[in-house]
Amino acid sequence: MTGSTFREIRHEDPTDPARRQEILESPGFGRHFTDHMVTMVWTDQEGWHDGRIEPYGPFRLDPAAAVLHYGQEIFEGLKAYRHPDSSIWGFRPEANAHRFNRSARRMALPEFPAEDFLSAVELLVAKDRQWVPDGDEQSLYLRPFMFAEESFLGVRPARRIRFCVIASPVGAYFSQGVEPVSIWLSTNYTRAARGGTGAAKCGGNYAAGLAAQQEASAHGCDQVCFLDAADQRWVEELGGMNLFFVHDDGLLVTPELTGTILEGITRSSIIELAKEQGLEVVERRVDIDEWQRGMADGRIREVFACGTAAVITPVGRLVWDGGEATAPSGTSAGPQDSVWGRLRSALIDIQWGRTADTHGWMRRFC
Ligand code: PLP
Ligand code: COI
């Protein structure tokens, strides 16, 4: 398959430019969507076919569609950035294409060829390029996903699947912008167990985390942190972000990939950037006790969360049933006086084209 695999269906009534401008001035996160979407269908008989770029709009879904009952679904998240010369670029989209297929294998979904994944996002960005905002911290968030469309209530991998990409102009993920966030430590719930789906980006992982997220909100926290399911001791990740810890000796520590956490593309980029900035980076298990005590006695100087949506966001407070710890000054220090701030600048300067892309991470979309 190639880019020409996607047939164009004309939009008869695209968004009025004045309304679009109004949205782009204050897009929020995931609230508004562009005029088009890319779709494709897979059947066990025909493989991938019927690729389209068409007006954004609802699907007609049979009430017996397997995804509605058994949750056979995966998704990705990546961003397109407008550079100073107005060209538009994606950040490591090949890595998303490959992770999409790892998730597909885990969820017994058909793989989607990486070159078609790239063509699909590129086509959508090019078509809706006027939706890519140019404000500070703004970008076009791309959401490729795939779900079981077959109407059948037996429990087996579906034989009809739909792939789709939608796009949403976005600003900062957290409404307060790049301010320290608070984390609720979940001890009533876990997110993933050995042999489960923790390393896949599937909707069920997020559904399973929502009750914990409600607990977090009830305790005045922005996000929830999950511990491992076996020992309830090792720090895994947040509901939608990976975690890093800056120790007082300058060591940068992040929970190792155990098969139960998502392998973040931001996480792996930060590991590379940190090494280039002369930091020693260690991927290992992190004891929750180490975090709780380290925040209190200053051995942990900074904690930050990272992900496509959140970029790099400092963590100011960890709250648990019966206590809390506040980050020492490092976390609230100005961006250039902190490890998280310097890593954030290095990352976003590459993404927004303000510095040379020496890693070959950026891909020109249009
Ligand atoms: N962990 C979870 C559970 C996520 O949902 C995300 C976001 O995609 C991440 C980590 C960070 O991954 P990435 O940096 O690839 O966006
Ligand atoms: C992303 O960062 O792309 C995610 O999927 C996480 C979600 C919290 C929006």
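These legends walk through several close-up views of a predicted model. Local features need pLDDT of at least 70 and side-chain atom pairs count only at pLDDT 80 or more, while totals for chains, interfaces and linings use all residues. Residues are numbered from 1 along each chain as its sequence is written, chains are lettered from A and ligands numbered from 1 in the order in which they are written, and side-chain values use heavy atoms, with hydrogens and water left out.

**View 1. The surroundings of ligand 1.**
Ligand 1 is surrounded by 17 residues, and the closest are Lys201, Tyr206, Glu237, Thr266 and Thr308. Here a residue is near a molecule if one of its heavy atoms lies within 4 Å of it. Look for the polar contacts, which are pairs of N or O atoms within 3.5 Å; within protein, one atom must be able to donate a hydrogen and the other to accept it, and residues adjacent in sequence count only if both atoms are side-chain atoms. Glu237 places a polar side-chain atom 2.5 Å from a nitrogen atom of the ligand. A side-chain N or O atom of Thr266 is 2.5 Å from an oxygen atom of ligand 1, and for the side chain of Arg99 the distance to a ligand oxygen is 2.8 Å. On its own, ligand 1 has 380 Å² of accessible area, and the protein covers 96% of that. Accessible areas come from the Shrake-Rupley method with a 1.4 Å probe; for residues, only the protein chains shown count as cover.

**View 2. The surroundings of ligand 2.**
Around ligand 2 you can find Phe75, Gly77, Tyr141, Arg143, Tyr173, Lys201, Gly240, Thr308 and Ala309. Tyr141 has a polar side-chain atom 2.6 Å from an oxygen atom of the ligand. For Lys201, a polar side-chain atom lies 2.8 Å from an oxygen atom of ligand 2. Thr308 takes part through its backbone, with an N or O atom 3.5 Å from a ligand oxygen. The protein covers 88% of the 280 Å² of accessible area that ligand 2 has on its own.

**View 3. Strand E6 and its partners.**
Helices (H or I, at least four residues) and strands (E, at least two) are DSSP runs, numbered from the N terminus. Two strands pair if DSSP finds at least two bridges between them. Strand E6 (residues 88–91) pairs with strand E5 (residues 78–82) in the antiparallel sense, over three bridges. In this pairing, Trp89 of E6 stands opposite Tyr81. Five residues lie between the strands of this hairpin, where Ser86 takes a positive phi near 75°. E6 also pairs with strand E18 (residues 362–364), again antiparallel and over three bridges, and Met362 in E18 is the bridge partner of Phe91. Next comes Arg92, in the loop between E6 and helix H3 (93–106). Its phi is near 50°, a positive value in a residue other than glycine. Is Arg92 buried or exposed? Arg92 is buried, because its relative accessible area is 16%; buried means under 20%, exposed over 50%, and partly exposed in between (1.4 Å probe, protein chains only).

**View 4. Salt bridges across the chain.**
Side chains of opposite charge can pair when their charged atoms come close. A salt bridge is a side-chain nitrogen of Lys or Arg within 4 Å of a carboxyl oxygen of Asp or Glu, and by this rule the count comes to 22. In one of them, Arg159 meets Asp44, with the closest N and O atoms 3.9 Å apart. This pair links distant parts of the chain, 115 residues apart: Arg159 is in the loop between E7 and E8, and Asp44 in the loop between E2 and strand E3 (47–55). Another joins Arg363 and Glu122, whose closest N and O atoms are 3.5 Å apart. Arg363 belongs to strand E18 and Glu122 to helix H4 (residues 114–127), so the pair ties together parts 241 residues apart in sequence.

Tyr70, Leu153 and Val155 make a nonpolar surface patch of about 330 Å². Patches are made of residues with over 30% relative accessible area and no salt bridge: like charges are joined within 9 Å, nonpolar side chains (Val, Leu, Ile, Met, Phe, Trp, Tyr) within 5 Å. Leu153 lies in the loop between strand E7 (139–148) and strand E8 (160–170), and Leu153 counts as exposed because its relative accessibility is 51%.
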